[in-house]
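Welcome to this guided tour! Open your viewer, keep the selection tool handy, and follow along stop by stop.

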Amino acid sequence: MNQLRTLNTIVETGSFRRAADALALTQPAVSYHIRRLEAVLHGPVFVRTRGRLELSDAGEELLFYARKILTVNDEAMARLTAPRNSLRLTIGVSEQLEDVLQDLLVGLTRALPRVTLTARIGASVHIAARTAEQETDVAVVIGRSLGERSRSLGSLQLAWYAHDAAGLAAGRSLPMVLPAEPCNTRTHIVSALDSQGVPWHVAYEGPDLAGLRAATRAGLGVIGLLANSGEKWNLTPVPGGMLPFHPGPVPVSFVYAPGTPADVVEAAFSVARAALRQFPLVDEPARVPRSAA
C-alpha cells in the first residue's frame, strides 16, 4: 500500500523530490518504493522523455489500479475510524474528471466542518446510478442534468488526440478509440461524428482511460478527450483544421442522492462549480436553488 501511495504521489506532484516532501520520506525511500514496484512489473514504472518524467505503459496501467486500491483502502479506514458524530460524505467523480477530485476534497473539507470524505471514480453512467441508489451522496458526472436531483455545471470543450494526425486521410473511415458502453462521452462523440456525416469505425474500445490513452499513443486511432488532457497524459492534439469536424462541448452535471441534506447539496454544488474552473468551460450556468428533498 505504501508503494502504491508513493507512485500516486509522484504522479500528482510531478517529481520524486516533491513526493518525498509530501509523504515525509527521504528521496532514497521513494526511489526504493518504485524499484519494488518495478520488480513486480519486470520493467520500468517511469521513463524519461525529452527530459520529462513520464509513466511507462505498464506504469500507467499500474497507476489506474493503484488509485482504485487506495480509494477502497482509504474509504475503509475513514469509515471504520471516523468519530460517530461526524458527517460522512461519499462523493463520486467521472473518470474523465478525476483531476477535479483534489479540489473537491479540499473545498468540501473547508465548507463542511467535521466532514469525513470518501470518493469513488468511475464511468459517469455508473456513478450516477450509484448516486440514485444512495451509495454515493453527491457526484460530478459527464452528461446532461436530468431529474429533480440533478443540476447543470456547464459544458466542457472536447478535443481530438492522435499519435499521427498526418496519417488521417480525408474521406477515409476514421479509426476511433472509444470508451466501452455504456458511456456518456462515447454517446456524445458518436452523435457528433454521425451528425456531421463523418465515416468512422471502432479501432479500439475499453472500459478504462489507461487503456484508451495507451491505444491512442500506440497509433490505433483518434480519441476525444477534454481539451486540456494532452500534456498531462502525453497525448498529441490533432492540429486545428486537420480534421474538418469537431467533437463539440460535452455537458457536465452535479447529481445528489435522495435524502441528502439541503445545506450539504448547496455546499457541494458550489465547491463543484469552483473545482471545474481549471477546465475551459464553454458556459457556466447561473445558480438556481432547488429543494434537496
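## Stop one: a helix and what follows

Select glutamine 134, which comes after H6 and has a positive phi, near 65°. Before going on, please note that this is a predicted model, where local features need pLDDT of at least 70, side-chain atom pairs count only at pLDDT 80 or more, and totals for chains, interfaces and linings use all residues. Residues are numbered from 1 along each chain as its sequence is written, and side-chain values use heavy atoms, with hydrogens and water left out.

Now select helix H6 itself, residues 124–132. Which of its residues are buried? Ser124, Ile127 and Thr131 are; buried means under 20% relative accessible area, exposed over 50%, and partly exposed in between (1.4 Å probe, protein chains only).

Turn the view to look down the axis of H6: its buried residues fall within an arc of 65°, so they line one face of the helix. The arc is taken from the directions from the helix axis to the C-beta atoms. To see what these residues pack against, show strands E3 (87–94), E4 (115–122), E5 (138–142) and E10 (249–256), together with helix H7 (184–195).

## Stop two: aromatic rings

The structure holds four aromatic pairs. Rings of Phe, Tyr and Trp (its six-membered ring) pair if their centres lie within 6.5 Å; planes under 30 degrees apart count as stacked, over 60 as edge-to-face and the rest as tilted. Select phenylalanine 254 and tyrosine 256, a tilted pair with 6.1 Å from centre to centre and 35° between the planes. Buried or exposed? Phenylalanine 254 counts as buried at 1% relative accessibility, and tyrosine 256 counts as buried at 2%.

Next, show arginine 151, which lies over the face of phenylalanine 269 at 4.9 Å from the ring centre. For a charge to sit over a ring, NZ of Lys or CZ of Arg must be within 6 Å of the ring centre and within 35 degrees of the ring normal.

## Stop three: two packed helices

Two packed helices are described by the angle between their axes and the distance between the axes. Select helix H5 (residues 101–111) and helix H10 (residues 262–275), which pack at an angle of about 145° with their axes 9 Å apart. The contact is made by Asp103, Leu104, Gly107, Leu108 and Ala111 of H5 and by Ala267, Ala268, Val271, Ala272 and Ala275 of H10; contact means heavy atoms within 4.5 Å. Axes are lines fitted to C-alpha atoms, for helices over the stretch in contact, and angles run from 0 to 180 degrees between N-to-C directions.

## Stop four: around H3

Select histidine 33 in helix H3 (residues 27–41). Histidine 33 is buried, with a relative accessible area of 14%. Leaving aside residues up to four places away in sequence, histidine 33 touches Asn2, Gln3, Thr6 and Leu25.

Now visit two loops. Alanine 24 lies in the loop between helix H2 (16–23) and H3; its phi is positive, near 60°, in a residue other than glycine. Alanine 24 counts as exposed at 70% relative accessibility. Histidine 42, in the loop between H3 and strand E1 (46–49), has a positive phi of about 60° although it is not a glycine.

Technical notes:
Helix = DSSP H or I, 4+ residues; strand = E, 2+ residues; numbered from the N terminus.
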